[in-house]
Amino acid sequence: MNTFKHAHMVLGLLFAVSALILLSTCIVSGKTVADMRQAIVQFVIGKEASLQTADFQELQTDHFIIKFTSSDEECVNMIGKAAEKAYASVSTFWGEKPARKTMLIIYPDNLSMNESFGWERNEKAMGVYWGGTIRVLTPREWMQDPQEFELFMREGPMVHEFTHLLVDQMTRGNYNRWWTEGVAQYVEKEITGFKFVDPEKPIYYTLSELEKDFDQLDQRSAYWESLLIIEYIVEQYGEESVYEIMCALGNGATMQQALESSLGIGYAGFEIGFYQYWQDI
Ligand SMILES: [Zn+2]
């Protein structure tokens, strides 16, 4: 057995033992199964992220533990300031805040960020929310002046990714990709004014298509439609309905049940109403 494999086995064992300890702690404190599942996922991913970034430098702000490489020494303070501002505005927006400090990892390039969570594709994401951690690409890759706070705040990933974190928390991990992408874009637009470029000829997807195959769909259309569904809910039923749907999801409802109970309309009726709205845009 080579050392690499051996190290992985030890790590796997460590995770399993840690997860068991966490599980027994959760049972003692009377948490639900969904809470336990989410706590274990976040615990394991958090430990893995700590190990992966063991040789990174660390900066702590009030609500974040920021991991970064020496190439980002000059912009880490600006990113920390943006993270705190995103924390304040998104937490105020929902009236919710994370229970503990959030790990924020700054990657020096796309490749290292993608590799950190096993993406093989050559994705060009600016940020990712993954199991309780926020991972962002260094602004050096896309900003001429990587210390420009206003630009990073408006066009950078902090508000969007921090919203994903709160969606995960409010729903206790019980959500669809389209839901979290729609909500993250909605909050981002409300807070920073930023919006992705509209697709030229958007493709319409049914709710079940969005639910099942989000990653396989035309991404521009799928993201655009996800935002449009949230905007439709806000316009027709009020912003508080979005919050209510998340509470219902957090209590274990399916997307269909959460939507029907919060909006007081059947799923099919909702989908017809939304399709008309989509056509009128
Ligand atoms: Zn997103």
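## Handedness and basis

A crossing of two helices is left-handed if the near helix is turned anticlockwise from the far one by less than a right angle, and right-handed if clockwise. Residues are numbered from 1 along each chain as its sequence is written. The model is predicted: local features need pLDDT of at least 70, side-chain atom pairs count only at pLDDT 80 or more, and totals for chains, interfaces and linings use all residues.

## α10 and α11

The crossing of α10 with α11 is right-handed; helices are DSSP runs (H or I, at least four residues), numbered from the N terminus. On the α10 side, S241, E244, I245, A248 and L249 take part, meeting Q257, A258, L259, S261, S262 and L263 of α11 (contact: C-beta atoms, placed from the backbone, within 7 Å). By class, these residues comprise 6 nonpolar, 4 polar and 1 charged (nonpolar: Ala, Val, Leu, Ile, Met, Phe, Trp, Tyr, Cys and Pro; charged: Asp, Glu, Lys and Arg; polar: the others, Gly among them).

## α9 and α10

Helix α9 (residues 219–237) and helix α10 (residues 239–250) have axes that come within 6 Å and cross at roughly 120° (axes are lines fitted to C-alpha atoms over the stretch in contact; angles run from 0 to 180 degrees between N-to-C directions). I230, I233, V234 and Y237 of α9 meet E239, S241 and V242 of α10. This contact holds 5 nonpolar residues, 1 polar and 1 charged.

## R172

R172 lies in the loop between α6 (158–170) and α7 (177–192). Its phi is near 55°, a positive value in a residue other than glycine. R172 counts as buried because it has 21 C-beta neighbours inside 10 Å (buried: 20 or more other C-beta atoms within 10 Å; exposed: 12 or fewer; partly exposed in between; C-beta atoms placed from the backbone).

Technical notes
Helices (H or I, at least four residues) and strands (E, at least two) are DSSP runs, numbered from the N terminus. Two residues are in contact if their C-beta atoms, placed from the backbone, lie within 7 Å.
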